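Please look over the sequence and the three-dimensional structure shown below before reading on. The report after them is written for a reader who is new to protein structure.

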Amino acid sequence: ACISPDFSVYFTQVVDKNNDISQAIDEKTIFEVTDPLTGKTMFLSNTNSMVSVGSGFSFRNPPMFNSPVDQTQRDALAETDAVLHHYVQHSNTAPFIATRLIQHLVTSNPSPRYVGDVAEAFRTGTYSDGVNTFGTGTYGDLEATVAAVFLDDEARSTTLDADVTHGRAREPLLKLIHFFRAMELDTEDRRSREVDL
């Protein structure tokens, strides 16, 4: 045990030198902390959480201290995970993400077929353009989803350029700013002004 005025640390390994303390702290370490406002003593464990990205890349999440005695905190984490899992797996998630990606990257008015193809790529995790196959086959694979957004016929068709309903709409404020710049709008004294929106 290591005792300080604010907290005590209980290691699972024997610590005999100060330089061994940093190596002794692991996911089994228990921290005894006294709340200065209430005087309540809490025992907290250090939960180690690794996140793997692709092959060979991983990083540790910031330490999260869970109480081994007070199960309500652990229950709250489990409920949060369950809610997030439900949101991601919901049947409306794939079309929602597909629509937003298409609107921000390609066109403001995508056809239902286009949205359906991108949503299907999100659900299945794969997309094939006839020559190449993209994705890993897992739900929500963004490689397959982005490939479906950019490689779909509607995204690459030059005949749709003549259609007045096809393309991206600019935001109203951007339209106004572009109009002012085109008209070379300036102040009378030629000083720049900041507009507080």
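## The protein as a whole

This is a predicted model, and every value in this report was computed from it. The secondary structure of the protein comes to seven helices and nine strands. Of its 197 residues, 18% are buried. Among the contacts in the protein with a separation of 6 or more, 33% are between residues 24 or more positions apart.

## Two helix pairs

Helix α5, which covers residues 142–151, packs with helix α4 and also crosses helix α3. The table sets the two pairs side by side.

| Helix pair | Angle | Axis distance | Crossing |
|---|---|---|---|
| α4 and α5 | about 160° | 7 Å | right-handed |
| α3 and α5 | roughly 50° | within 10 Å | right-handed |

The contact between them is made by Y114, D117, V118, A121 and F122 on the side of α4, and by A144, T145, A148 and V149 on the side of α5. When these residues are sorted by class, the contact of α4 with α5 has seven nonpolar, one polar and one charged residues.

The axes of α3 and α5 cross at roughly 50°, and that makes α3 oblique to α5. Here the contact is made by L101, I102 and L105 of α3, together with T145, V149 and F150 of α5. The residues of this contact divide into five nonpolar, one polar and no charged. T145 and V149 of α5 are listed in the contact with α4, and both are listed again in the contact with α3.

## The largest nonpolar core

The largest nonpolar core of the protein has 15 residues, of which I102, Y114, V118, Y127 and V149 touch the most other members. The elements that give two or more residues to this core are α3, which spans residues 93–105, α4 and α5. The largest share, six residues, comes from α4.

Which residues does V118 contact, once its neighbours within four places in sequence are left aside? V118 is in contact with A98, I102, T145, A148 and V149. Two of these partners, I102 and V149, are, like V118, among the core members that touch the most others.

## Two residues to look at closely

F150 is found in helix α5 and is partly exposed, with a relative accessible area of 39%. Not counting residues up to four places away in sequence, F150 touches L105, V106, A155 and R156. Although F150 and L105 are 45 residues apart along the chain, their C-alpha atoms are separated by 8.2 Å.

E184 is found in the segment after α7, a helix that runs over residues 172–182. Is E184 buried or exposed? With a relative accessible area of 70%, E184 is exposed. Its backbone also deserves a look, for the phi of E184 is near 55°, a positive value in a residue other than glycine. Most residues other than glycine have a negative phi.

Notes. Residues numbered from 1 in each chain as written. Predicted model: local features only at pLDDT ≥ 70, side-chain atom pairs only at ≥ 80, totals over all residues. Heavy atoms only, no water. Axes fitted to C-alpha atoms, helices over the stretch in contact; angles between N-to-C directions. Helix = DSSP H or I, 4+ residues; strand = E, 2+ residues; numbered from the N terminus. Left-handed = near helix turned anticlockwise from the far one by under 90°. Contact = heavy atoms within 4.5 Å. Nonpolar A, V, L, I, M, F, W, Y, C, P; charged D, E, K, R; others polar. Core = buried A, V, L, I, M, F, W, Y, C linked by side-chain atoms within 4.5 Å. Buried < 20%, exposed > 50% of the residue type's maximum accessible area, 1.4 Å probe, protein only. Parallel < 35°, antiparallel > 145°, perpendicular 65-115°, else oblique.
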